[in-house]
Amino acid sequence: MKRRVLPGFGLSLGYVMAWLGLIVLLPLAALVFKSSALAPSGWWALLSSPRTLAALRLSFGGAMLAAAVNVLAGLLVAWVLVRHRFPGRRLFDALVDLPFALPTAVAGIALTAIYAPEGWLGRYLVPMGIKVAYAPLGVVVAMVFVGFPFVVRTLQPVLESMEREVEEAAASLGATRWQVFFRVVLPLLLPTLLTGFGLALARAVGEYGSVIFIAGNIPRLSEITPLLIVEKLEEFNYAGAAALGVAMLVLSLLLLLLVSLVQRASRRWELPR
Amino acid sequence: MTLSIQSIGRRFGDTVALAQVSLEVKPGEFVALLGPSGSGKTTLLRILAGLDYPDVGTVSLDGDDFLATDARKRRVGLVFQHYALFRHMTVAENIAFGLRVRPWRLRPKRAQIASRVSELLLRVRLDGFGNRYPAQLSGGQRQRVALARALAVEPQLLLLDEPFGALDAQVRTGLRRWLRELQEELGLSTVLVTHDQEEALELADRVAVMNNGVIEQVGTPEEVYFEPATPFVCEFIGRVNRVAMRRGTGGLSAAGWVPRDEPWHGHYPHATAYIRPEHLEIGAQDAPWQGVVRHVYLAGSIAHLDLDVSGVGTLEADVASEDLARRNLAVGAQVSVSPARSVLFAGENARWSWQAGAGP
């Protein structure tokens, strides 16, 4: 038996299992149980209906797009915050967390006010043919907003601990700035970027409050799956709501699993065997 | 390629990192910049690498302005203390990096790169390690990868920033000798930054001792060790005893030791004599000092003795270990002590190199 500085594996694993069971697995099991009230034919009818398919496509497609946008924007923001010193940097840094602190409904109303056809930005965008509010694009904008802090916050510590000497070595070997960034810096950040992507994705898929205000919720166009679930609940169709929930659950799990597989491949150099 | 550094200065805010530093590195020469941390040696190296720029002064390579050249076009091989390897690339990819980032017109063919990499792996004795990641290598192996990576671009100048600092003693000694042989074989002008005087003396053709942003002395290891130009060089390189000298009727003296042939003609009332431990003779006849052995530290082939010398204080003397028993040099033994060689400093910068028995 190996002795460690901090013992207690058995006890702590027990706690982990108990909490995980109570907080995560038990509600999910209840969800699956509820959905079993639906006959297989009902499942099929529900999940293959055009409205459900469109909602699932928007929820997951939008979330992936939003997470991708957040990866790009988050990388830029984290880079500026870590690598540069400028007046107001700390304030700016604090502002990053705001999308977490704001009630999502408030965020949704604020975004709608800005992008509505008569809003601050909407009045210029709509004549140009860019419709944000009450359109799928609005869904993505809201998803970007709520997921924004994840990439920044996961990236910051990694960027801070990154050795500058590695970049200097690359430059002295003849690499241009672009080559230093794309061949040296980016591959080192990739695992972290994927972690941020996964978090932002999960947040965007499950987002409800802010999206429903800006989306307009037009069936088969700008309606997200969580809204469909709420509608089912309002019709007292609990089995249908649970079935949609299970579908989301399975898709989310698959997506997150995929992200984590890619992430593992991107950091094969970290844990050599 | 003659590298010529002329009166460069660099400040960081109020701190002067370099002041009026001039130095020349001849073709194929190995120069060590030796000094404590904060002496400006790393700043100088970074300026040579193009990672920092001086406020004043020039650096030229064979007459061409080196400062006007961008870091990535200088063709310097840079090796850092903590290796700075690309963790996400294999050893072979690390070494090939400098060749792969070239514009496509100048980029060697894939096969050429591969053969250059395997040639370099052989040279740094890491053949068979090409597919490993840096995390799978020991410190000494990583530093050899870093060196191979730097050599791959056929640099005109090799810059080493404390390259052995993170390695354990045995690996360090081995790697040091190997590096010196490699450098001679390639005939590559090399600048080494180190705070380890032993490393500088062993490796370099010439040593530049730096302190507070200035070069205190440039010379061969022998010159720097035996003829230190300033008190700082005396104290920084090797171990040394300081003896305060006072002027009496018979000239400068310390507890009865009167070095002869003083060049200062009674000018300075005080002086400080710096005497190396191996330049204190023990058991000599007509010795000026008497002392008691306080401690004996056996350090392999030589032993360090702590001596209490009356009127002078505690002095350190080195003797061959085998002499300890032969001459009864144990703790408490009474011994006579006489300096054989010393460098004395007085006033602002008066210096006198003295040797027993020299002169008439």
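This is a predicted model: local features need pLDDT of at least 70, side-chain atom pairs count only at pLDDT 80 or more; totals for chains, interfaces and linings use all residues.
## Domains of chain B

The domain assignment divides chain B into domain 1, covering residues 3-234, and domain 2, covering residues 241-355. Taken over C-alpha atoms, the centres of domain 1 and domain 2 of chain B lie 39 Å apart. Contact between them involves nine residues of domain 1 of chain B and nine residues of domain 2 of chain B. The area buried between these two domains of chain B is about 850 Å², with 46% of it on carbon and sulfur atoms.

The rule finds two salt bridges across the interface of domain 1 and domain 2 of chain B. A salt bridge links Glu227(B) with Arg341(B), and their closest N and O atoms are 3.4 Å apart. Six residue pairs, with both residues at pLDDT 80 or more, are in polar contact across the interface of domain 1 and domain 2 of chain B. On the side of domain 1 of chain B that touches domain 2 of chain B, the elements giving two or more residues are α7 (221-226) and α8 (231-236) of chain B. The largest share of that side, three residues, comes from α7(B). By residue class, the side of domain 1 of chain B that touches domain 2 of chain B comprises seven nonpolar residues, one polar and one charged.

## Interface of chain A and chain B

Between the chains, 21 residues of chain A are in contact with 24 residues of chain B. Chain A and chain B bury about 2,200 Å² between them, and carbon and sulfur atoms give 62% of this area. On the chain A side, Ser172(A), Leu173(A) and Trp269(A) lose the most area to chain B, and together they account for 31% of what that side buries.

The rule finds one salt bridge across the interface of chain A and chain B. This salt bridge is formed by Glu168(A) and Arg46(B), whose closest N and O atoms are 2.7 Å apart. Five residue pairs, both residues at pLDDT 80 or more, are in polar contact between chain A and chain B. Two helices of chain A, α9 (164-172) and α10 (177-206), each supply at least two residues of the side that touches chain B. With seven residues, α9(A) gives the most to that side. The side of chain A that touches chain B divides into 11 nonpolar, four polar and six charged residues.

The areas of the two interfaces are set out below.

| Interface | Buried area | Share on carbon and sulfur atoms |
|---|---|---|
| Domain 1 and domain 2 of chain B | about 850 Å² | 46% |
| Chain A and chain B | about 2,200 Å² | 62% |

## A sheet in chain B

Chain B contains an open sheet of four strands in the order β2-β1-β4-β5, with antiparallel pairing. Its edge strands, each pairing on one side only, are β2 (15-25) and β5 (64-65) of chain B. Strand β1 (residues 3-12) of chain B runs antiparallel to strand β4 (residues 56-61) of chain B, and five bridges join them. Gly9(B) has Val56(B) as its bridge partner in β4(B).

Technical notes. Residues are numbered from 1 along each chain as its sequence is written. Chains are lettered from A and ligands numbered from 1 in the order in which they are written. Side-chain values use heavy atoms; hydrogens and water are left out. Domain bounds come from an automatic or database domain assignment. Contact means heavy atoms within 4.5 Å. Buried area is the accessible area (1.4 Å probe) that two parts lose on being put together, summed over both. A salt bridge is a side-chain nitrogen of Lys or Arg within 4 Å of a carboxyl oxygen of Asp or Glu. A polar contact is a pair of N or O atoms within 3.5 Å; within protein, one must be able to donate a hydrogen and the other to accept it, and residues adjacent in sequence count only if both atoms are side-chain atoms. Ala, Val, Leu, Ile, Met, Phe, Trp, Tyr, Cys and Pro count as nonpolar, Asp, Glu, Lys and Arg as charged, and the others, Gly among them, as polar. Two strands pair if DSSP finds at least two bridges between them.
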